[in-house]
Amino acid sequence: MEEMRSYQVTEWDKPLQLRLRERPEPKGAEVLVKIEACGVCHSDVHIGEGYFEMGHGRKARLEDTGAKLPLTMGHEIAGTVVAMGPDAKGTSVGVRGVIYPWIGCGHCAHCQRGHDVDCETPRSLGVRADGGYSNYVLVPDGRYVVPIDGVDLNLAATYACSSLTAYSALQKLPPLLPEDRVLIIGAGGLGLAAVSLAPLLTAGRVIVADIEPVNLAAAQRQGASMTFDSRTPEPAKALKEAAGGSFRAVLDFVGSTDTAQLAMGVVAKGATIVIVGLHGGSIEVPLPLLPSRNLTLRGSYVGSVEDLQALLKLAREKKLAPIPLATRPLADINAILDDLRKHRVVGRVVTVP
Ligand SMILES: [Zn+2]
Ligand SMILES: [Zn+2]
């Protein structure tokens, strides 16, 4: 039987190590999936470092939230079910699917309602449980295998994080009219996914800001009505001038001090700001601003299994413009993570074991 070959974090902030183990047998409700593709997400750069920057030099350590080493990262997994535990249901051997990775404990009130994402003791694949930088992954329940049914497998893999996150964030926008401006900050994998989904989920006019001309060009190709290089001095003022006014909504897919400040600087009264990116940092918000300008400042984290099913449906109906994808061998994973760290990736890299 083929052994399990996984690239693992064995020490925080060190290159991943290839570790060979016996192929696991699924127990109980578990299913074993043979991995055909796993997308490489920018958040793996931070997960591998072992912490997220919380601003003012404070760090949120993954170890303090239940992550343990060694850990196989990778949460954009697609593959084929090859074995099922004795109590497994919701899928069957031979099903090709994308794996919903944001898995909760399975028994709290949130999990019971299918809101795994709000579970306080998550078992997310690639973050707290072993994920996709491997040739096999154990999935706790068959219902997390969402059949791809004709969708390109590499593309489907990326839906588990970037597109799912973009879809869920877009659903947090208030109802908008075509003349309402929506700012998308950050045109990496997440931002580009949002640009391609936006016409399906909001009537607002999408404008994209980034600091990399190559990302802005990609956003333009993806259908943004206007792009803006936010390295400009006084970016908030310049952006409002260029766009013809202030914004009804901002989706910040970077989540840094600079981008959140830009968001706060461009919004109209009654606007919604959704922070999605986990770059890290902090801003000072004068509290009277929130009521007096009637602002909504909120976060959005990934999405639900239902959101992932809805995305696959959109993909099957060919309503989604594919994001730029490159496939590379899984063995290159450390080089790929390094490229992400140095902002040398446009769109998404998908690894193939
Ligand atoms: Zn991700
Ligand atoms: Zn739970």
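## A buried proline in a loop

Pro122 counts as buried, having 21 C-beta neighbours inside 10 Å, where 20 or more are required for that class. The model discussed here is predicted. Pro122 is placed in the loop that runs between α2 (109–112) and β9 (136–139).

When neighbours within four places in sequence are left aside, Pro122 is in contact with Trp102, Ile103, Gly104 and Arg128. Cys105 stands 17 residues from Pro122 in sequence, yet the two C-alpha atoms are 5.6 Å apart in space.

The domain assignment divides the chain into domain 1 (4–161 + 303–352) and domain 2 (173–299).

The contact between the domains involves 19 residues of domain 1 and 18 residues of domain 2. On the side of domain 1 that touches domain 2, the elements giving two or more residues are α1 (43–49) and β4 (51–55). Of these, β4 gives the most, with 4 residues. Sorted by class, this side of domain 1 has 9 nonpolar, 7 polar and 3 charged residues.

## Helix α4

Helix α4 covers residues 189–201, 13 residues in total. From its first C-alpha to its last, α4 reaches 18 Å, close to the 18 Å expected at 1.5 Å a residue.

Why is α4 described as largely enclosed by the rest of the structure? The reason is that 10 of its 13 residues are buried. Among them are Gly189, Leu190, Ala194, Val195 and Ala198. The cover over the buried residues of α4 includes the helices α3 (153–170) and α5 (213–222), together with the strands β11 (181–185), β12 (205–210), β14 (247–252) and β18 (348–352).

## The largest nonpolar core

Which residues have the most contacts inside the largest nonpolar core? They are Val98, Ile99 and Ala194, in a core of 101 residues. Helix α3 supplies the largest share of this core, 11 residues. Domain 1 and domain 2 both give residues to the core, so it lies between them.

Ala194 also belongs to the buried residues of α4. Leaving aside neighbours within four places in sequence, Ala194 is in contact with Ala166, Ala169, Leu170, Ile184, Leu251 and Phe253.

How values were computed: Residues are numbered from 1 along each chain as its sequence is written. Chains are lettered from A and ligands numbered from 1 in the order in which they are written. This is a predicted model: local features need pLDDT of at least 70, side-chain atom pairs count only at pLDDT 80 or more; totals for chains, interfaces and linings use all residues. Domain bounds come from an automatic or database domain assignment. Two residues are in contact if their C-beta atoms, placed from the backbone, lie within 7 Å. Ala, Val, Leu, Ile, Met, Phe, Trp, Tyr, Cys and Pro count as nonpolar, Asp, Glu, Lys and Arg as charged, and the others, Gly among them, as polar. The expected span of a helix is 1.5 Å times one less than its number of residues. A residue is buried if 20 or more other C-beta atoms lie within 10 Å of its own, exposed if 12 or fewer, and partly exposed in between; C-beta atoms are placed from the backbone. A nonpolar core is a set of buried Ala, Val, Leu, Ile, Met, Phe, Trp, Tyr and Cys residues joined through C-beta atoms within 7 Å.
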